[in-house]
Structures are given as C-alpha cells and as structure tokens.
Amino acid sequence: VLAKGDLDFGTGGWAASVANAVQRGFPVKVIADGGASYPGFSWQAITVRKDLFDQGKIRSIADLKGKKVAVTAVQTMSRYFAPLLSEAKLTLKDIDFIPLSLPDTVAAYANKSIDAAFQMEPLLSQTLANGFAVRLKAVSEYRPGFQASIVLASPQFLENKDVANRWMVAYVKGIRSYLDTVSSGKGVDELIATISKYTPVKDKAIYEMMLKEKTMVGFNPNGYANKDTLGADTEHFLAEGYIKEKVDINSMVDNSLADYAVQKLGKQ
C-alpha cells in the first residue's frame, strides 16, 4: 500500500516483510523512530504466568523450554527472544510459540492456557495489575535502544521534500513534548486521555502505574531510528531464513528528514 502511494507513511513493527518488500523492488524507507526500548522506558517485556513463577517453575529464560509462549507473530517476535535463547543455549524451536493478539494474550493468561508471553504497554501493566503474570525480562535490560517500531514512508511522500521535512519537524516536536510530559509530570492528565482514547485500556490508574514504574514507550528525541538494532535484527531474519538475501540497512533507512528536523530544532 505504501509502495503504491495509497498511504504516505505508516508505523509498525520491524519485520522481515519490510526487507522482503525492498528486495522485491518496493522503494519504501524507514524515516523515523516509531517506539524504542531505551533505559527508563521499559514498555516491552517477556512475562510469565504468576502461579508458575511463584511455584518456581519458570524463573529464567532456560525454563521456557517446551513452554507455551504467546506472541503476536512468530517471525516478527522471534527477534526479541533470539539473544536470550542463545545465552540459554536454546533455539526458537525449543519454544512452543502460540500466535495471539495482544488483547487475547491477557485472556489466555486469565484462563491459564499459556505459560508465558511477550507483552507491550498498556496491556502489559494491565496484566500485572490483575495478578495474571510477572515480568521475567524487560527488553530495555538486554537490548537498550532496541528499535521496536518504525515509521515507514512511501516514495511519493519523500519526493515532496518540503512537505516531508515539515512533517518531520512536527513529529519530532511531538516526540519531545511527549518525553517532556513523561519526565516532568506536567500535562499528564491530557497525555493519559489521549493515549487511552486510542488503546483498549481505559483505566487511568494503569497509565499512572506506567508513569511511576517508568514503562512508557520510549523515543529518540531527535527522531532517528536505531540502525544498529535494525541491522542486527535483519541479520537475525537472514539467519532464520525469513529473508533470503543480505540487506544493507543503510539502503533502507533515510535519515535526511530527521537531519532536517534536528537542524531546525537543535539536537537533544
């Protein structure tokens, strides 16, 4: 859809499908950070069913061997598990991955049909608040700066440089305003109202918990996508056979718009 110009840009998780599209000649580009796990922003984590943790049955990544672990999509989510499994001398094949949507994961925990899961905020904190699960490992602990989500742009959008540059300036201003609110606490009620409007979690207390526990979504204040983690994940996709040919991450990331925004706004 982006490649055809039906959309100007969109956000989503970094997946092998993006690299495969580029290899097939679709000229989409990563232009900005869409959400990352920086220290102090632990919004993504591998969680474990609370009763299994309390009983000592799952206390480490190694204990996940043979267990049912919920993920939204195995191909995309495998990049979150691969480094930890390697340390535990396990592979992706040692885990029984169960594809579930994020809301369905909460229900699966409630009826004890899964043992563990990969979760994101705000459903992560909702799950913990309900006593269904506990955190096993936050992504920010083992992959600081991990680029979870990206902003992709169509070639048509990038061709209109003036509009694209002005959009990026506005986007970076928005990121900085959000980060200022998270760090200072000023304007929190408005922030929570805005976020809850577009997510399935409406309970204000959940977002207050996220702010207190420092589990809000992180962003690069200059808008740049983290090419280091994107490149590492592309190598993972290649090793697992999700993409067939090596891809140069530099050919897929266009930092020129972020460069322009930083030039106008200053670097943080």
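Trainee: Which backbone nitrogen does the side chain of Asn226 reach at 3.3 Å?

Mentor: A polar contact is a pair of N or O atoms within 3.5 Å; within protein, one must be able to donate a hydrogen and the other to accept it, and residues adjacent in sequence count only if both atoms are side-chain atoms. Here the side chain of Asn226 reaches the backbone nitrogen of Thr229 at 3.3 Å. A polar atom of that side chain also lies 3.0 Å from the backbone nitrogen of Asp228. This is a predicted model, where local features need pLDDT of at least 70 and side-chain atom pairs count only at pLDDT 80 or more, while totals for chains, interfaces and linings use all residues. Residues are numbered from 1 along each chain as its sequence is written, and side-chain values use heavy atoms, with hydrogens and water left out.

Trainee: Is Asn226 buried or exposed?

Mentor: Buried means under 20% relative accessible area, exposed over 50%, partly exposed in between (1.4 Å probe, protein chains only). Asn226 has 16% relative accessibility, so Asn226 counts as buried.

Trainee: What is Asn226 in contact with, leaving aside its neighbours within four places in sequence?

Mentor: Contact means heavy atoms within 4.5 Å. By that rule, Asn226 is in contact with Gly145 and Gln147.

Trainee: Where is the place of Asn226?

Mentor: Helices (H or I, at least four residues) and strands (E, at least two) are DSSP runs, numbered from the N terminus. Asn226 sits in the loop between helix 10 and helix 11 (227–239).

Trainee: Which residues in helix 9 meet helix 10?

Mentor: Val188, Asp189, Ile192, Ile195 and Ser196 in helix 9 do, and their partners in helix 10 are Lys204, Tyr207, Glu208 and Leu211.
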